[in-house]
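Welcome, and thanks for taking a look at this one. Here is a short briefing to read alongside the coordinates.

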Amino acid sequence: MTDASANGQLLTTADGKPLKRALAKAQAHAKRRAFFLVLPLLAFILITFVMPIGQMLHKSFYNEGFTVNEDIGSGVRTPIMTNLKTWFDANPLGTEPDEAAYAALAADLVVLKDLRAAGQAGTRINYEKSGSRSMFTKAARGAEKLKPPFKEAIIKLDKDWADPELWRVMRDATSAYTANFYLAAIDRTKDVNGNIVNVEEARQVYVKLFWRTLKLSIMITLMTFILAYPIAHLLATLPLRYSNLLMILVLLPFWTSLLVRTTSWMILLQSQGVVNDALVGMGLLGDENRLQMMYNQMGTMVAMTHILLPFMVLPLYSVMRPINPSYVRAARSLGATSWTAFRRIYFPQTAPGIGAGALLVFILAVGYYITPALVGGADGQLISNLIAFHMQKSLNWSLAAALAAILLGCVMVLYWLYDRLIGIDNLKLG
Amino acid sequence: MALPSYADPLEKAWHYAYLVICGLIFLFLIAPILVVIPLSFNAEPYFTFTDKMLAFDAEGYSTRWYDLLLTFGMLAPDAPRDTSWWADAWENAAWINAAKNSVIIGFFSTILATGLGTVAALGLSRPEMPARRVIMAILISPMIVPIIIVATGLFFFYSAISIQDWGIPYLGVVLAHATLGIPFVIITVTATLVGFDHSLTRAAASMGADPVTTFRRVQMPLILPGVISGALFAFVTSFDEVVVVLFVGGLDEQTIPRQMWNGIREQISPAILSVATILVLISIALLATVELLRRRSERLRGMSPS
Amino acid sequence: MKLKTALLASALTAVAFAAQAQEVTVMSWGGAYTKSQVEAYHKPFTAETGIKVVSIDADNPGTPIKAQVEAGNVSVDVADVEYSDAVRLCDEGLLETIDLSMLPPAPDGTPASEDFIDGALTDCAVANIVWSTVVSYNANAFSGDKPTTIADFFDTAKFPGKRGLRKSAKATLEMALMGDGVPAGEVYALLETDAGVDRAFAALDKIKSDIVWWEAGAQPPQLLADGEVAMSTAYNGRIFNAAVAENQPLVVIWDGQMMDFDLFVVPKGAPNKENAMKFIAFATDTQRLADQASWISYGPARKSSGAMVGKYSDGKTEMAPHMPTAAANLSNALVNNFEFWVDKDAELNERFNAWLAK
C-alpha cells in the first residue's frame, strides 16, 4: 500500500496525506464526537441505575449475618463465629459435631453476647432453619456461664442444638457467599448432606407466585390484545381527522396517573361501588349477593388490563395504519369471504404489531407492583409484592434480592427478545 | 371505514356489531377516568352516585372535598379566610405541601433528564455512533426494569453512600426520577431525528457555521417539539411515581402520589377523588400540548398528515 | 445591592434559626391513635420545651425502624412499637437503652419503676398504653341476631358477610384458635405445638374466601363503615373513635380480645437522641398518660394514671367501660405472649404467607 510504485495512483488530500487515512481519521473523530455526546448520560445511568442494581444483586449471594458484625454507631467491623468456622474448615460435611465443635460454638456465643450480635447471627440461621433465632439469643444470654463439657451444657439449653440440619445451615452461613437464597427463592433448600431438596409443602410459596405472575401476565396480555385489536383496526381505517380524535381516548388513560386509574377501579369494583350499585339498581343482582370483584385476582386483572391497554393499541395502530386496503379488496375480488380475507391477508400483516404490543405489555405486567398491592387482596398479589414484603416487612433482604434477580433475569431475556425481534428504536409513545 | 357496497346483510350486521364493540371498548378505556370527576363533587362521603346526584339536585353536589384539600393539615382551618388563612394553608396544608414537593422534584428531575437525554439522543442518532444498539438498550432499560427492583437497588445504594447526609434535599429522589424519565426523552427526541437529513448540518458547516451554531440554528428548531414532549413525559413520570419515593424518599418528602397511596390504603375519602380529578385535568392539558407539538413537528419536517 | 444584602441576611437568619430549631421525630400508627398522641403528648411537649414534634405514621413502626437502623439511615427519634418488637429489636442491639431513672415519679411520690404496670418497662422501652385487638361488627350488617362471641366471627353460616383480618400471623392465629373453641388460657400452649398451628390455619381455611385483609389500623373502621366487611378484627380504640366520635354503628365484641402494650423506643443512631429521651419522659408521666385516655380508649400504662381517667373529650362519654382492662371485658381475654412472638414471629409469618398465597 505504501510502496513507491503505488504512490502515484493513491488519492491524497490537499495537504498530501493519503485520502483513505484522512477519511478514517475523520470517521474516528466523528465516532468519538458521537460517543462523547452520549457519554454523560451513559455515566449517569451507570451510576444511578446499573450500579445500584448490581449492588442489590450482590446482596442476593452475599450475606454477612453470620460472619461479620458491624457496630451501628462506630461502624467497627468485628468478625464473628470465627472458632466455629475454623472447626468447619477442619472437618468435612457430615462430621458429627464433637466436643471441640461445641466448645467453638460456646466461645463464639460469648463474642455474640459482648457484641449484642446474637439476634443478627440467629436471624441469619433462622432464614434457613425456622425457630433457631431464639436459640441463639437464649444461648448467648448465658454464654459465659457455660462450662465444659460444652456439648452437654449447650444441648441442655435446647435439644435442637444437636440437630444436624442446624449444623449444616451454620456451616453454610460461615461463608458470606452463598447460593442458598436463590434456592429459597425457588422453594428449595439443602438437607443435612447438602443435597438440594424441596422445602416442606406448607412453606412453598415462591414458585407458586412466579407461576401466578406468569399466568396473570399472559392473561392480561391476551385481554389487552382482544380489546386492542378491534379499536386499533378502527383507528387505522378511519380518516385521520376522526381517528386523531378517537386516539385521544386511548392516550388520555396513558397520560393519567396510575394511582388515579387504580383509585377509579377501586370505586367501580368495590362491593358498595358503582358497578355493584348499578347491577343492584337494575335488579340484576340482589343487594345481599353483591359481587366480590376487588381484593382478588379479578381486581388485579381488570385494573391492569385497563392500565396496559394503550401499550397494546399504539404498536398495533402503527403497524395497521400503513397496510394497504387494496390487498384485502383484491382477496375479496378473487372470491375470498371477508373472514378468509381477514385471516389470510390482513391478520398476517399485523403480526409485527401484535408481537411488539404483546411483549411490551407482558414485560410491564410481570413487574407490576402498585395496582396488585391496592386491589389484589391476598390472591391477586404478584412477585413484585413479595419482593416488597421481604424488603419492608420481613427484612430478609438477601431473599428479596434473590427474588428480584430472578425477576430481573426474566425481564432481561424478554427485553433482549424485544430488541431482537422489534428493535428498541421502534418503541413509540403516542 | 365505510362499508363497501358489495357487503351482504350478514357483513352489514357484523359491521355494526363491530362498531358497537369498539364503542364499548372505548367506554372501558375512558369511563374509569371520567367517573371520578362527578363523584368528587359528591356531598356525601360515599363513592357511589347518590339519588340526589342522579336527579341532578344541586344539594347532592358540593365542593367540600376540594375545600378539604386546602384545610387538611392546617393549623387553624376554621379561621376566617383572610391572608393569614391562606398563608397557613400554603405553609401547612398537607396536600399543598405534597404538591410543592412533587413540583420541585418533577422540575429538577425533568431538567436533568431532558438535558442529558437530548444531548445523548443527538449522539445516538448520528450514523457514526459506535455500539449504538447496546448503548440504546442500556439507556432505555429504566423503562423496562420493574420499578420495585429499581427502588430496592436504590434503597441499598443510597444507604451505602449515605446520601441523606449530603445536605441536598430531594437529591436521591430527583436522581432516581431523572433516571426513570430519560428513556422517554431519548425515545421522543430520537423520533424527531429519524429521517433527519444530515446534509443540512453539513451544509451549515460548509457555510462556515461552527458546531454550536449549527446545533442552535439548524437542529434545535427541528428537535424542539420532541424535546418538549420528552420533557413533559419525564415530568409526568416523576409526578406520578410512588414506589421509589416510598423506598428512598425522606419522611418529609411527601409527594402527591405518596399522599394518595397513604390515603387509598387507609381510607378513600372523596378528597382523594378531588385530587384525582385535578390530576385528570392536568393530564388532559399535557396531552393536548403534546398533540399540538407532535403536529407541529410533523409539519416542520414535511410529514404532514395525509 | 441593598436587596442582595437583605436577602443574604434573611437567608443567614433562616439558617441560624434552622440550626436552633429543636426537633424530635415520632413515628406512630396513624389515624385516631396518632391524633390522640398529638393532642395528649406532642402539643403540650412543644408548648413546654419549644421542641417541635414531627409526627410520622406507619402501618407498624417496628419494621421501618429496623430497616432504617440496619441500612444505617435513621431519621426517626422515637417509635411506638408492640411488645414483641420492642424486645426483639433490643436483643438485636438496634435500640438505644433508656435510663429508666429519668422517668418522673407518680404525683404521690411512688417511683416510676413501681408505678408502671408489671412488664411495662424494659431496658430499651417504656410502655404508654395497653391496647387490644378485638372483633367488631357493623350493627347494620345483621338484621336479626347479633354476634356476641369470637366464635361467631368464624361462623359465616350463621352470620354471613365478609370478614376483615390483619394481614399478619400475630393475633390472627390466636384468635383463630379462640374462635375454634380454645379457651384464652390454653392458646399459647397449643400454638407451641405443630398440631396447634395446623388447627389455627384449619380454622382460618374455613373463612378464607370471605376474608378482606387489612394492614393499617385505620382500615378496619373504614371497611366496616363502608359495608365492605360485616365483621373485622380491629384495634379497640379505632372502633371506639369511629363509634363515638363519628357515630358509626360499630360494636365491639370483647370476648376473645387480645391485649398488648405499645411502647416507646429510641432507634440506635437517632438524630435527636436527647430530645427523644426528653419526649419519652414527658409523654409517659402520670398526667399525659391519663390525658391520652380521654382521646382514645386505650388504657394508660401507669397505675397512677388509671384513677385519673374520666370522660372522652366530648365531655359526656365515660371512658372506663371502653377500656380493654375494664373488668367486664376481661372474661375471656388473652394477654399477648411477647416471648412466644419474639421467637416465632419469623417462622409463623413465613408459614402464614405461604398459606395466603395458596
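How far apart do the C-alpha centres of domain 1 of chain B and domain 2 of chain B lie? They lie 40 Å apart. Please keep in mind that this is a predicted model.

**Domains of chains A and B**

- In chain B, domain 1 covers residues 1–34 and domain 2 covers residues 98–266.
- Chain A is split into domain 1 (4–60), domain 2 (68–201) and domain 3 (206–426).
- Taken over C-alpha atoms, the centres of domain 2 of chain A and domain 3 of chain A are separated by 47 Å. Their contact takes seven residues from domain 2 of chain A and eight residues from domain 3 of chain A.
- On the side of domain 2 of chain A that touches domain 3 of chain A, the largest share comes from helix 9 (residues 180–185) of chain A, with four residues. By class, that side of domain 2 of chain A has six nonpolar residues, no polar ones and one charged.

**Domains of chain C**

- Both domains of chain C are assigned in two pieces: domain 1 is 17–130 + 262–322, and domain 2 is 133–259 + 331–357.
- Between the C-alpha centres of domain 1 of chain C and domain 2 of chain C there are 26 Å. The contact draws 17 residues from domain 1 of chain C and 16 residues from domain 2 of chain C.
- Helix 2 (31–49) and helix 4 (83–91) of chain C each give at least two residues to the side of domain 1 of chain C that touches domain 2 of chain C. Helix 4 of chain C provides the largest share of that side, four residues.
- That side of domain 1 of chain C is made up of nine nonpolar, six polar and two charged residues.

**Contacts between chains**

- Where chains B and A meet, 77 residues of chain B are in contact with 76 residues of chain A. Helix 1 (residues 9–34) of chain B gives the most to the side of chain B that touches chain A, namely eleven residues.
- The side of chain B that touches chain A divides into 63 nonpolar, ten polar and four charged residues.
- Where chains A and C meet, 29 residues of chain A are in contact with 28 residues of chain C. Helix 5 (118–128), helix 6 (133–141) and helix 10 (206–237) of chain A each supply at least two residues of the side of chain A that touches chain C.
- Helix 5 of chain A contributes the largest share of that side, four residues. By class, the side of chain A that touches chain C has nine nonpolar, 15 polar and five charged residues.

**Helix packing in chain B**

- Helix 9 (residues 171–193) and helix 11 (residues 211–240) of chain B pack at an angle of about 155°, and their axes are 8 Å apart. Angles over 145 degrees count as roughly antiparallel, and helix 9 of chain B and helix 11 of chain B are therefore roughly antiparallel to each other.
- The crossing of helix 9 of chain B with helix 11 of chain B is right-handed.
- Residues of helix 9 of chain B in this contact include His177(B), Gly181(B), Phe184(B) and Thr188(B), while those of helix 11 of chain B include Pro225(B), Gly226(B), Gly230(B) and Phe233(B). The contact of helix 9 of chain B with helix 11 of chain B holds 13 nonpolar residues, nine polar ones and no charged ones.
- Helix 6 (residues 94–124) of chain B also packs with helix 9 of chain B: their axes come within 7 Å and cross at roughly 40°. That makes helix 6 of chain B oblique to helix 9 of chain B.
- Helix 6 of chain B passes helix 9 of chain B in a right-handed crossing. The residues of this contact are 16 nonpolar, eight polar and no charged.

**Annotated spans**

- An unreviewed UniProt entry places the feature "transmembrane region" on several stretches of chain B, including residues 16–41, 103–122 and 170–196.
- Residues 16–41 of chain B are 88% helix and 0% strand, with end C-alpha atoms 37 Å apart.
- Residues 103–122 of chain B are 100% helix and 0% strand, and the end C-alpha atoms lie 28 Å apart.
- For chain A, an unreviewed UniProt entry places "domain: ABC transmembrane type-1" at residues 210–418. Over residues 210–418 of chain A the model is 78% helix and 0% strand, with the end C-alpha atoms 21 Å apart.

Terms used:
Residues are numbered from 1 along each chain as its sequence is written. Chains are lettered from A and ligands numbered from 1 in the order in which they are written. This is a predicted model: local features need pLDDT of at least 70, side-chain atom pairs count only at pLDDT 80 or more; totals for chains, interfaces and linings use all residues. Axes are lines fitted to C-alpha atoms, for helices over the stretch in contact, and angles run from 0 to 180 degrees between N-to-C directions. Angles under 35 degrees count as roughly parallel, over 145 as roughly antiparallel, 65 to 115 as roughly perpendicular and the rest as oblique. A crossing is left-handed if the near helix is turned anticlockwise from the far one by less than a right angle, and right-handed if clockwise. Two residues are in contact if their C-beta atoms, placed from the backbone, lie within 7 Å. Ala, Val, Leu, Ile, Met, Phe, Trp, Tyr, Cys and Pro count as nonpolar, Asp, Glu, Lys and Arg as charged, and the others, Gly among them, as polar. UniProt positions are given in the numbering used here, feature names are shortened, and annotations may be inferred rather than shown by experiment. Domain bounds come from an automatic or database domain assignment.
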